[in-house]
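Me: I have a structure to go through with you. Can you take my questions as they come?

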Amino acid sequence: MVVMKMKFPFQKRVKLAQGLWLLSWCATVAGATTFTLGCVLKTELRRRAEVMDNADIHIVPNTLMIVGLASLGINYFASKICQDALDAGRFPRWKNFLKPYFAASCFFTVLMLLAVIMSYAMKGSLESSLKIGLRNGIRFYKDTDTPGRCFQKQNIDRLQMEFQCCGNNDFRDWFEVQWISNRYLDFSSKEVKDRIKSNVDGRYLVDGVPFSCCNPSSPRPCIQYQLTNNSAHYNYEYQTEELNIYLRGCREALVNYYMGLMNTIGAGVLSIFILQGSVLVSLRFLQTAMEAVAGKENTEIETEGYLLEKGVKDTVMEYLNPVLKFFLLTNQVEEGATTSGATPATT
Amino acid sequence: MAVLRVKFTKTKRDKLAQVLWILNWISVVTGVILFSLGLFLKVEINKRGELMAERDIQYVPNMLIAVGLIACAINFLGGKICYDCVDTTKFLRWKLIMLPYIICTFFFTFCVLVGALMCYSMHGELEESLDLGLTEAMRFYKDTDTPGRCFLKRTVDLLQIHFQCCGNNGYKDWFQIQWISNRYLDMSQKEVLNRLRSNVEGKYLMDGVPFSCCNTNSPRPCIQQQITNNSAHFNYEHQTEELNLWMKGCRQALLEYYVHIMQSIGLAVLITWLFELSVLTGVRYLQTSLENVLRQGDPNSESDGWLLENSFMETARTNLNIIKSLGKNNQIDTSNNGDPNINVPSTSKAHYGPDNVPPKQITEDS
């Protein structure tokens, strides 16, 4: 049961080979583009690595880089094969190479599609990683004298100013954390002692936010402290005030940024996937058409090309059987062997 | 005595023409680069246009844009000329144009050099413009309800955050202006009224700065208010505290930024100038060697190429004489009574017929 049989007269074969050569060079450039896009995504993820708890999301750019490099090789060989295809003397030397080549190419092309699907599927993982990372960042904001955490304040401040956000979910996260270090608190003052006694953990909590939450678009000078106290500031009502500090949470801002980036990259990679797929399909048709010519005297006859000789299921089993035999221990009773019991299959 | 005479065989001439063709096309690309550098500088200056007072600084990017476009045109023409110079018959088409073209290009390279030098000379004008512009911007910081100035607060805040600077010369500039609008001051409070009465102009002055002056590298939360009051904050000494606010003034920060851009652009223009000069030298050699070949008659022979036919002084003298005589076309020569034909010896051999006997002179009295 042949899959997708097509007739190929000589002229059509020639045109297919020429078109495929051009297409494979375009696909090489596309493969380099995929690699570059993977590098760009990885760089962007690494820039904010301090506010991410785990590096699970890095599997997307890593896959893109591997696929980009692999497609460079795949398309290089594709162009060489189609150059030799029309020469009946040179084509047979590719015979043994083609079966593993197609297996590897299909694997990497499917991997490309998987990378795009993963970039959408891993949104939840990215969000939870950012949630934990930001929570730690806010908690260790005050520890500018602890080695290993002394740059947290700088990172969080720069993050909030660049992404125009405040806190984890929103600015109220700062009310629950002591973000002023004890080094700068006057413990002899009554007000400080009252605040520390007012909660179980003995933390100095204020209804204030750091300066990096301030919105430059506000018409009035920034109100950072006593945010919930309307009477502390003239002509101020915190329930309706929207321009004073950033209202967006940093987790939402970062997730939107990265999902936007991955959507753009995903769209590009999808089109590259279609290009790569068409290269492989054309190469398969050319190969089967040329194989029918081999051994004939007149090389200009019309031949048939097809995608798969057997049906899809049979072809898959044909490829998977050697792999399964390699990995599985199959019970085989060897002819002539008198001992019973399982003997491991030889590779 | 020619200046820098070089012998050119036919193959050498052809190679020179081909190399010059390629170099001219590279020069077209450098012309495009000059144009885009000028455009970039113009965009950068306009981006901060609100912070600059009206000064004559637009001439530098405009000059670069003009020079870039003219360089493209001149080198495009030069490429066409050099392409045709391989063939002596095609060279005849361009023969008359080549010398004026070389002279024009020579003066144009002067313009390129002037453009490069202008990049370095803009320093003083820019500093003055920034000084005045920043002072004005800080004065109108609080006027977020006045049309035309309502975005100045945002501009100044973003400038101070991005360039990591505070005030004009330093953060103390903010102590001398009222940067909090009256709309947000509680006039019924005693403290506010005291501050307003404490100075002649009735301004609400304080020793505080906007939040955009805060330094992100500071280990402690930012101290914006009562900066000069050591007792207002725990463990704080404002004379030694360097990390709390940005110490650099915005005028200096912006000046450094623009000077850096213009130094890079000036360097690129200087390199372009040297390149143009070398291409021009090559074209001059090609022109003189091809003209000498035409004079000798044999297109395959060797010929000489030079920069100037006579020595530098003689060429200068002859050119000055030509320029002087250009102005004398309409002047009457007052010697010899204005008659230009007196005392001019007859050098022409008149043909008086087959005997070649001059006719008798008819005297007046016969």
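Me: Which residues line the largest cavity?
Reply: The lining consists of Tyr171(B), Ile227(B), Tyr236(B), His238(B), Glu241(B), Asn244(B), Leu245(B) and Met247(B). A cavity is a set of points on a 1 Å grid over the protein atoms alone where a 1.4 Å probe fits but cannot get out, and lining residues have an atom within 4 Å of a point. This is a predicted model: local features need pLDDT of at least 70 and side-chain atom pairs 80 or more, while totals for chains, interfaces and linings use all residues. Residues are numbered from 1 along each chain as its sequence is written, chains are lettered from A in the order written, and side-chain values use heavy atoms, without hydrogens or water.

Me: What volume does the largest cavity have?
Reply: About 60 Å³, taken as the space filled by probe spheres set on the points.

Me: And how many cavities of 30 Å³ or more are there?
Reply: The count is 6.

Me: Switching to helices. At what angle do helix 1 and helix 7 of chain B cross?
Reply: Roughly 155°, with the axes of helix 1 (residues 10-47) and helix 7 (residues 250-296) of chain B coming within 9 Å. Helix 1 of chain B is therefore roughly antiparallel to helix 7 of chain B (angles over 145 degrees count as such).

Me: Salt bridges: how many over all chains?
Reply: The structure holds 32, each a side-chain nitrogen of Lys or Arg within 4 Å of a carboxyl oxygen of Asp or Glu. One of them joins Arg5(B) and Asp304(B), with the closest N and O atoms 2.8 Å apart.

Definitions and conventions: On a 1 Å grid over the protein atoms alone, a cavity is a set of points where a 1.4 Å probe fits but cannot get out, and a pocket is an open set with protein on both sides within 12 Å along at least five of seven lines; lining residues have an atom within 4 Å of a point. Axes are lines fitted to C-alpha atoms, for helices over the stretch in contact, and angles run from 0 to 180 degrees between N-to-C directions. Helices (H or I, at least four residues) and strands (E, at least two) are DSSP runs, numbered from the N terminus. Angles under 35 degrees count as roughly parallel, over 145 as roughly antiparallel, 65 to 115 as roughly perpendicular and the rest as oblique.
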